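Have the sequence and the 3D view open together.

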Amino acid sequence: MSSSTAVPGQSPIAETAPQSLCALEPRVPADRLVAEMVPPPRFDSVRFDTYVPDPNQPSQTDAVKVLSSFAAGLGGAHATGSGRRSWFGRKQPAAPAGPRGVYLDGGYGVGKTHLLASLWHATPADASLKAFGTFVELTNLVGALGFQQTVKTLSGHRLLCIDEFELDDPGDTVLVSSLLSRLVEAGVALAATSNTLPGKLGEGRFAAADFLREIQGLSSHFRPLRIDGEDYRHRGLPEAPPPYSDDQVTRAAYRTAGSSLDDFPSLLDHLARVHPSRYGALTDGITAVCLTDVRAVPDQSTALRLVVLADRLYDREIPVLASGLPFDRLFSDEMLNGGYRKKYFRAISRLTALARDAKGLVAQ
């Protein structure tokens with residue numbers, strides 16, 4: 001469908017009408033959840049040699065060396081323990097000595113996901129033998145397949161990478177801890193990053209000891225690897241562009257093939273009706289997200305849904321053009337000082353980066 005709208009004193013808009021995210025209700029089959037457990041498109045081409053360490057943070061350079069060595073050590077046959085046999089009756093080699101897992105401990109924006117994805121790419125195994133997903137995506141997989149089938153599906157993998165391990169959900173933490181215990185028994189190597197525990201904000205990151213305690217019996221399988229630094233998205237980069245007018249956003253949406261156009265309050269209402277596991281599918285085929293009337297998020301449940309959407313948009317490198325409030329005013333002071341603080345700052349950081357990416361969509 002096309003639209004032709006005349007505006008006094010300005011050139012008419014005569015392009016294809018943008019889509020509305022509010023009109024989409026994707027259904028995601030379980031097999032797609034498994035097939036999509038790979039680094040997101042933003043991290044398709046990242047490698048250890050494309051990570052640019054901050055020269056003032058030697059821990060970043062050290063992390064690259066440690067993870068490169070860890071990846072190299074995952075080569076060869078799948079480790080299934082000293083006494084287990086393969087499907088064909090041959091005894092498999094024992095798992096290498098030392099921890100079969102690594103935990104990347106650091107604040108948001110220091111490149112943990114870049115390094116985790118680089119580890120996935122560097123591990124010498126076919127893509128079908130490696131899995132990469134966020135904690136939420138892993139719990140969604142368990143919900144779709146069931147616990148036992150998830151264990152069976154992932155047990156043959158060489159490596160499982162879990163980004164943003166969510167220690168603020170005790171029930172899901174115990175569930176995933178149990179899953180990881182079974183996978184470690186099967187010889188799967190693990191790598192993880194995590195968010196902040198409520199009440200454990202400290203330096204804007206959470207301590208490795210808290211992660212190891214929360215995953216209970218798995219502590220001996222993880223080597224904590226601290227990565228210091230400040231958010232690279234703000235390191236030497238210009239400030240995010242200010243919000244545009246409703247008219248600028250609307251016109252940009254009509255000019256941009258594959259864009260979506262929604263008013264922000266309606267989108268927040270729609271997110272409450274779509275399971276967060278489908279937010280990635282919600283953006284399938286979308287080239288830019290255009291939002292009008294951005295306002296402060298009204299409550300914590302809504303805010304946490306928006307965090308998941310921001311993550312999926314960032315993963316897919318979809319620019320976000322908006323009118324209304326700037327993104328650093330989305331969350332109240334109470335939210336930014338509460339137990340989910342790190343999630344909200346990550347969302348602000350990522351939406352700010354996507355707002356910069358959208359700057360070229362507005363006619364000069």
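## Salt bridges in the model

A search of the whole structure, which is a predicted model, finds nine salt bridges.

| Salt bridge | N to O distance |
|---|---|
| R42 and D357 | 3.9 Å |
| R350 and E164 | 3.5 Å |
| D247 and R251 | 3.3 Å |

**R42 and D357.** Start with the salt bridge between R42 and D357. R42 lies in the loop between α1 (30–35) and α2 (58–72), while D357 belongs to helix α13 (residues 341–357), so the pair ties together parts that are 315 residues apart in sequence. Is R42 buried or exposed? R42 counts as buried, because its relative accessibility is 18% and the cut-off for buried is under 20%. D357 has 44% relative accessibility and counts as partly exposed.

**R350 and E164.** Next comes the salt bridge between the side chains of R350 and E164. R350 is in helix α13 and E164 is in strand β3 (residues 159–165), so this pair links parts that are 186 residues apart in sequence. Both R350 and E164 are buried.

**D247 and R251.** Where do D247 and R251 lie? Both are in helix α8 (residues 246–255). They are four residues apart, about one turn of the helix. D247 is partly exposed, at 36% relative accessibility. R251 is buried, with a relative accessible area of 9%.

**A network.** Some salt bridges share partners. In this way E164, D311, R346 and R350 are joined into one network.

Conventions: Residues are numbered from 1 along each chain as its sequence is written. This is a predicted model: local features need pLDDT of at least 70, side-chain atom pairs count only at pLDDT 80 or more; totals for chains, interfaces and linings use all residues. Side-chain values use heavy atoms; hydrogens and water are left out. A salt bridge is a side-chain nitrogen of Lys or Arg within 4 Å of a carboxyl oxygen of Asp or Glu. Helices (H or I, at least four residues) and strands (E, at least two) are DSSP runs, numbered from the N terminus. Buried means under 20% relative accessible area, exposed over 50%, partly exposed in between (1.4 Å probe, protein chains only).
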